[in-house]
Amino acid sequence: MKTLTTTEELAAFCAEARTHDYVTLDTEFLRERTYYSKLCLIQMAMPGETDENAVLVDPLSDGLSLEPLYELFRDTSVVKVFHAARQDLEIFFIDARVFPEPLFDTQVAAMVCGFGEQVGYETLVKKIAKASLDKSHRFTDWSRRPLTDAQKTYALADVTHLRKIYEFLSAQLKKNKREKWVQEELQVLTNPETYIVRPEEAWQRVKTRTTSGKFLAVVRELARFREDYAQSRNVPRNRVYKDDALVELASTKPLTLNDLGRSRLLLREARKGEIADGILAAVKAGVECKPADYPKVADENDKLQVNPALADLLRVLLKAKTESSGVAPKLIAPASDLDAIAAGLRDVPALQGWRREVFGDDALRLCKGEIALAAKGKAVKIVEL
């Protein structure tokens, strides 16, 4: 197995890869001690039956540039194949603001092809490639050098089996005429907004038990400072302070260092220095926030006037549609979408794109009373009214 450690070696491999229809890729990274993922290894494989067309790329090698890889990403004649690509794509987007084009995600494709919701790579290897994976190195430290042969073998398996999986799923999608479905799903993965975390919006991820604007104003400023600090110093946000400590601070509203010292949940390192100063400034800004500038919680779903009988019928219709299409129910329409439709809302994902074709059109007809549902043995059939 070959490990590429120079830009020239990577450029040569990528040049050869550009002569093929597709290339499979995966990454190994660490994120326990940093805000952004630390890229430790890249695995790549061209079409073939052996490991000869597969390589490891060591991004930790001195002087190695990933620009040849990014040029491959920009080459639209070569499909870039990943499994569960979100974290991989985030690494490349943060590093170079580039996305692989075109992209194929075997996890998304497998869901569309009836393998269930968020199917794992190991499952696809067993069912499609008829092989098994050694997962003993799943939690290895990929930043340590040198890598052992066992680590390299483990890493390569993530792209060599992926070739058969891609070829099988690609053929299935073409046969079922569902290529467009996958492309719709992948739009989220190639949207920069998926990976951009704005400090001023970080408060929306903090769970609280109150919707008080005055309280949330302090939460917003504390979350904003924490996100700014974590991003600028590349440390995990929980190493600054955890959510429970943030909520405690928003409740107690400390004004001095002595007040901070009485916190039950704040880390010792956060009670002094830059973090302590930032906390006090954030609390002050939140307390002084004008009511007109209070953050507002989106509580639209709480106000929905859901017709419970219609929501139940929509669930039965969804079950019938998932059985006939072989697509996981949550991929077509989560419970929140069904309740929204039953409440009269129409701007929901279940009524858009391929989901409308599979489920949405009949869901709307059911709401209008144009169709009914009837049991036929163990199945549910649609009855025209």
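**Figure 1. Asn234, a partly exposed residue with a positive phi.** In this predicted model, Asn234 has a relative accessible area of 29% and is partly exposed (buried means under 20%, exposed over 50%, and partly exposed in between, with a 1.4 Å probe and protein chains only). Asn234 is found in the loop that lies between α8 (213–233) and α9 (237–240), where helices (H or I, at least four residues) and strands (E, at least two) are DSSP runs numbered from the N terminus. Its phi is near 55 degrees, which is a positive value in a residue other than glycine. Residues are numbered from 1 along each chain as its sequence is written, and side-chain values use heavy atoms, with hydrogens and water left out. Because the model is predicted, local features need pLDDT of at least 70 and side-chain atom pairs count only at pLDDT 80 or more, whereas totals for chains, interfaces and linings use all residues.

**Figure 2. Lys130, at the end of α5.** Lys130 follows α5 and lies in the loop between α5 and α6. Phi of Lys130 is positive, near 55 degrees, although the residue is not a glycine, and with a relative accessible area of 67% Lys130 is exposed.

**Figure 3. The crossing of α5 and α6.** The axes of α5 (residues 121–129) and α6 (residues 149–176) come within 9 Å and cross at roughly 60 degrees, which makes α5 oblique to α6. Axes are lines fitted to C-alpha atoms, for helices over the stretch in contact, and angles run from 0 to 180 degrees between N-to-C directions; under 35 degrees counts as roughly parallel, over 145 as roughly antiparallel, 65 to 115 as roughly perpendicular, and the rest as oblique. The crossing is left-handed (the near helix is turned anticlockwise from the far one by less than a right angle, and clockwise in a right-handed crossing). Tyr121, Leu124, Val125, Ile128 and Ala129 of α5 meet residues of α6 that include Ala157, His161, Leu162, Ile165, Phe168 and Leu169, contact meaning heavy atoms within 4.5 Å.

**Figure 4. The buried side of α5.** Tyr121, Leu124, Val125, Ile128 and Ala129 are buried in α5. These residues lie on the same side of α5, because they cover an arc of only 105 degrees around the axis, the arc being that of the directions from the helix axis to the C-beta atoms. The buried residues of α5 pack against α6 and also against α4 (106–112).

**Figure 5. The contact of α1 with α2.** The axes of α1 (residues 7–17) and α2 (residues 67–74) come within 8 Å and cross at roughly 15 degrees, and the two helices are therefore roughly parallel to each other. The crossing of α1 with α2 is right-handed. Thr7, Leu10, Ala11, Cys14 and Ala17 in α1 meet Pro68, Leu69 and Leu72 in α2, and by class this contact has seven nonpolar, one polar and no charged residues.

Conventions. Nonpolar A, V, L, I, M, F, W, Y, C, P; charged D, E, K, R; others polar.
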